Amino acid sequence: QLKREHSDVEQPWYADDTAGAGKFKGIRRHFEKLRDVGPRFGYFPEPSKSILIVAKHNFEQATREFADLGFKVVLGHRYLGGYIGEKEELDEWIQEKVDGWTRVVTALASAAERHPQTAYAGLQRSLQQQWQFVQRVVPHIGDKFTDVEKALFETFLPAQFKDTLGSLDDDDPRLELACLPVKHAGLALPNSVKSAAENYQASPLAPAHVT
């Protein structure tokens, strides 16, 4: 009913969460209709928990127009594992995540000295999947992963290889070998700076037969 009556608003639904993209008047009408029909289906929208993401030049207008609803008006916010908003806010958000991943890579390097297989499995099967997911849903962020790669070849890979000399040189052939799949005698740890663009391109290709 909402999509039929408010076709001017893009309305992705994910489980019990919905979003609306469009002009302010359309978004407001859509939300008011949702509050009207939602309770019939056990759905009770809470305006105070709703987040309105706007461009910087629309911020003051949005704050005024949605003040009575109590929407939280922001220039950027996380959405389904990715991010929507102004570039400055996106850069800050992704940098916080990269800093966290870098710290964990360093911590796993310490663990690798005594438990190399466990540390490797944690990085390859868990931590790496986190940043690859973000790369699949946020474009043009490959250059943000320099610190992650630096931590890999300065701490983690030397610990895995029992390299007593410490950090690997940029031209160390083992760096390229580590990027290869396991079936090609690699470690399945692709360079996160170089793979970001490919990961993002894979997102629309994977469900192409459905869309």
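A salt bridge is a side-chain nitrogen of Lys or Arg within 4 Å of a carboxyl oxygen of Asp or Glu. In the structure shown above, which is a predicted model, Lys144 and Asp91 meet this description, with their closest N and O atoms 3.4 Å apart. Lys144 sits in the loop between α5 and α6 while Asp91 belongs to helix α4, so this pair ties together parts that are 53 residues apart in sequence. Asp91 has another partner in Lys87, and here the closest N and O atoms are 2.8 Å apart. Both Asp91 and Lys87 are found in helix α4, four residues apart, which is about one turn of the helix. Lys87 is exposed, because its relative accessibility of 53% lies over the 50% cut-off.

The structure holds ten salt bridges. Among them is the one between Asp172 and Arg174, whose closest N and O atoms are 2.9 Å apart. The two partners can be described in turn by their accessibility. Asp172 has a relative accessible area of 15%, under the limit of 20%, and is therefore buried. Arg174, at 27% relative accessibility, counts as partly exposed. Salt bridges also link Arg28, Glu32 and Asp68 in a network.

Phe31 lies in helix α2 (residues 24–37), and Phe71 lies in the loop between α3 (59–65) and β4 (72–74), so the pair ties together parts that are 40 residues apart in sequence. Phe31 and Phe71 are both buried. A stacked pair is formed by Trp101 and Phe145, whose centres are 5.8 Å apart and whose planes are 15° apart. Trp101 comes from helix α4 (residues 87–112) and Phe145 from the loop between α5 (116–137) and α6 (146–160), so here the parts tied together are 44 residues apart in sequence. Trp101 and Phe145 are both buried as well. Returning to Phe31 and Phe71, ring pairs link these two with Phe24 and Phe66 into a cluster.

In soluble globular proteins, nonpolar side chains tend to be buried together. The largest nonpolar core of this model has 32 residues, and those with the most contacts inside it are Trp101, Val105, Leu123, Trp131, Phe156 and Leu157. Helices α4, α5, α6 and α7 each supply at least two residues of this core. The largest share comes from α4, which gives nine residues.

What is the volume of the largest pocket? The value is about 1000 Å³. The lining of this largest pocket is made up of 29 residues, of which Thr18, Ala19, Gly20, Ser50 and Ile51 lie nearest its centre. At least two lining residues are supplied by each of β2 (17–18), α2, β3 (51–53) and β5 (76–79). By class, the lining of the largest pocket divides into 17 nonpolar, six polar and six charged residues.

The second largest pocket contains about 290 Å³ of space. Its lining has 16 residues, and those nearest the centre are Glu149, Phe153, Leu175, Cys179 and Asn191. Two or more lining residues come from each of α6, α7 (173–179) and α8 (192–205). The most is given by α6, with six residues. Nine nonpolar, two polar and five charged residues form the lining of the second largest pocket.

Gln1 is found in the segment before α1 (2–5). With 40% relative accessibility, Gln1 counts as partly exposed. The C-alpha atoms of Gln1 and Leu123 are separated by 45 Å, the two residues being 122 residues apart along the chain. Leu123 is one of the residues with the most contacts inside the largest nonpolar core.

Conventions: Residues are numbered from 1 along each chain as its sequence is written. This is a predicted model: local features need pLDDT of at least 70, side-chain atom pairs count only at pLDDT 80 or more; totals for chains, interfaces and linings use all residues. Side-chain values use heavy atoms; hydrogens and water are left out. Buried means under 20% relative accessible area, exposed over 50%, partly exposed in between (1.4 Å probe, protein chains only). Rings of Phe, Tyr and Trp (its six-membered ring) pair if their centres lie within 6.5 Å; planes under 30 degrees apart count as stacked, over 60 as edge-to-face and the rest as tilted. On a 1 Å grid over the protein atoms alone, a cavity is a set of points where a 1.4 Å probe fits but cannot get out, and a pocket is an open set with protein on both sides within 12 Å along at least five of seven lines; lining residues have an atom within 4 Å of a point. Grid points are joined across faces, edges and corners, and a volume is the space filled by probe spheres set on the points. Ala, Val, Leu, Ile, Met, Phe, Trp, Tyr, Cys and Pro count as nonpolar, Asp, Glu, Lys and Arg as charged, and the others, Gly among them, as polar. A nonpolar core is a set of buried Ala, Val, Leu, Ile, Met, Phe, Trp, Tyr and Cys residues joined through side-chain atoms within 4.5 Å.
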